[in-house]
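Visitor: Please show me the structure, and then let us go through it by question and answer.

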Amino acid sequence: MSHGDSDTAERAFSFGLAARAYADLRPSYPVEAVRWGLNGTSGRVLDLAAGTGKLTECLTVVTSDVVAVEPDADMRAELERRLPRVTALDGVAEAIPLPDESVDAVFVGQALHWFDLGPALTEIARVLRPSGALVALWNHDDTGVPWVAEFAALARTTTASRHWADPLVPLPAHPRFAAFERRKYPNPQPFTAESLVRMVCTQSHMLLATPGERQRRVAELHGFLADRPATSSGGFELPMVTTAIRAVRP
Ligand SMILES: C[S@@+](CC[C@H](N)C(=O)[O-])C[C@H]1O[C@@H](n2cnc3c(N)ncnc32)[C@H](O)[C@@H]1O
């Protein structure tokens, strides 16, 4: 697999450093987004780059035949602990360990931006049956809300990890896929100041920061939340949004 730069590759494979916290703190996905992605299919579904199984779990609520692929052993172990009935395979998007035309949908949660996109789309098209769909989902802060935009800028959650979720950054066309459709779903999440900052610490830029840099950023984020009456103590709702894109393999 080749990534454009080694920094991106390092970030793409950093999440296992905090697998348990990732599973505990990262938001889940709205069932409406999962249903829209499934588009009525009741066949086999692949959760690619499944991590600790956040999206896998949502898929198992709606459909019964789900297989997961995840390259990071620590993330995969967390998935297996939480979802012992799901088969979780070691593998990457650029070399998916499944036969040709063996699944009806491929879901990717919070990870398409980490793939080597051209080869990954070719592989995804290979494992999809005709009329199957690639569905990519991203949870992100609702930056239409002013305080959330300020927090996101401070936490740096608006950059690489949103990428294709940004309507201004359309996915490049691929010869094996029809045009991408796009939907947005509200996905508000309950947090406290403590749990929100801990959640930000599961993001790749924080996982790879030096201890001093991480400590400085954590203090800034706590300072920001402490200055706002609505977030200074107790629980609050963080306005989040799930962006979903879907493309059918004709
Ligand atoms: C932000 S996590 C998302 C995990 C999960 N899908 C979710 O929704 O919580 C990104 C995941 O992508 C995996 N990953 C990174 N590069 C990958 C690649 N090229 N192929 C497959 N998985 C990859 C990482 O190991 C990590 O578990």
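Visitor: At what angle do helix α7 and helix α10 pack, and how are the two helices oriented to each other?
Guide: This is a predicted model, in which local features need pLDDT of at least 70 and side-chain atom pairs count only at pLDDT 80 or more, while totals for chains, interfaces and linings use all residues. Residues are numbered from 1 along each chain as its sequence is written, and side-chain values use heavy atoms, with hydrogens and water left out. The axes of α7 (residues 146-155) and α10 (residues 211-226) lie 10 Å apart at an angle of about 170°. Because angles over 145 degrees count as roughly antiparallel, α7 and α10 are roughly antiparallel.

Visitor: Which residues of α10 meet α7?
Guide: Contact here means heavy atoms within 4.5 Å. From α7 come Trp 147, Glu 150, Phe 151, Leu 154 and Ala 155, and their partners in α10 are Arg 217, Glu 220, Leu 221, Phe 224 and Leu 225.

Visitor: At roughly what angle do the axes of α3 and α4 cross?
Guide: Helix α3 spans residues 31-38 and helix α4 residues 54-62, and their axes come within 10 Å. Angles of 65 to 115 degrees count as roughly perpendicular, and α3 and α4 are therefore roughly perpendicular to each other, the crossing angle being roughly 70°.

Visitor: Which side chain has an N or O atom 2.5 Å from an oxygen atom of the ligand?
Guide: Polar contacts are pairs of N or O atoms within 3.5 Å. For Tyr 22, the distance from a side-chain N or O atom to a ligand oxygen is 2.7 Å, and a polar side-chain atom of Glu 94 lies 3.1 Å from a ligand nitrogen. The side chain at 2.5 Å from a ligand oxygen is that of Tyr 29.

Visitor: How much of the ligand's exposed area does the protein bury?
Guide: By the Shrake-Rupley method with a 1.4 Å probe, the ligand taken alone exposes 600 Å².

Terms used
A polar contact is a pair of N or O atoms within 3.5 Å; within protein, one must be able to donate a hydrogen and the other to accept it, and residues adjacent in sequence count only if both atoms are side-chain atoms. Axes are lines fitted to C-alpha atoms, for helices over the stretch in contact, and angles run from 0 to 180 degrees between N-to-C directions. Helices (H or I, at least four residues) and strands (E, at least two) are DSSP runs, numbered from the N terminus. Angles under 35 degrees count as roughly parallel, over 145 as roughly antiparallel, 65 to 115 as roughly perpendicular and the rest as oblique.
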